[in-house]
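Dear colleague,

I am handing over a structure that is new to you, and I would be glad if you looked through it alongside the notes below.

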Amino acid sequence: MIMKQNNKLLGFLCTTFSHHYIEEQKVTNHFKTYKCARCGKEVATNAKGKLEAITKKNKEAYSVLSSFVRKKRLSKNNKQLETNCN
Ligand SMILES: [Zn+2]
């Protein structure tokens with residue numbers, strides 16, 4: 001309960017002063033996920049390099065992409081893949 005109230009307050013700070021995103025997962029050089037240290041909101045860089053909120057809908061796509069990238073990395077150098085991700 002206390003946590004929830006804190007989140008509300010922190011969420012207010014976020015909407016007032018903007019989120020404090022920290023890098024959570026680096027999938028490629030151009031694709032990273034971030035999490036707000038204050039309210040826990042998750043975002044990711046989209047194809048245009050802008051941050052967009054991670055929703056239930058696209059979260060699955062991101063996890064598929066990140067596991068795909070990881071597999072690629074294991075099999076060969078991922079230089080080619082990273083250019084494809086632009
Ligand atoms: Zn936040």
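What follows is a short account of what was found.

This is a predicted model, in which local features need pLDDT of at least 70 and side-chain atom pairs count only at pLDDT 80 or more, while totals for chains, interfaces and linings use all residues. Residues are numbered from 1 along each chain as its sequence is written.

The protein has three helices and four strands, where helices (H or I, at least four residues) and strands (E, at least two) are DSSP runs numbered from the N terminus, and their order along the sequence is α-β-β-β-β-α-α.

Strand 2 (residues 32-36) pairs with strand 3 (residues 42-45) in the antiparallel sense over three bridges, pairing being taken as at least two bridges found by DSSP between two strands. Tyr34 stands opposite Val43 of strand 3, and the five residues between the two strands of this hairpin include Gly40, whose phi is positive at about 85°. Strand 3 also pairs in the antiparallel sense with strand 4 (residues 51-53), again over three bridges, with Thr45 and Leu51 as bridge partners.

Helix 2 (residues 56-75) has 20 residues and should span 28 Å at 1.5 Å a residue, which agrees with the 29 Å between its end C-alpha atoms; the expected span is 1.5 Å times one less than the number of residues. None of the residues of helix 2 is buried, a residue being buried if 20 or more other C-beta atoms, placed from the backbone, lie within 10 Å of its own C-beta. Of the 86 residues of the protein, 6% count as buried.

Key. A residue is buried if 20 or more other C-beta atoms lie within 10 Å of its own, exposed if 12 or fewer, and partly exposed in between; C-beta atoms are placed from the backbone.
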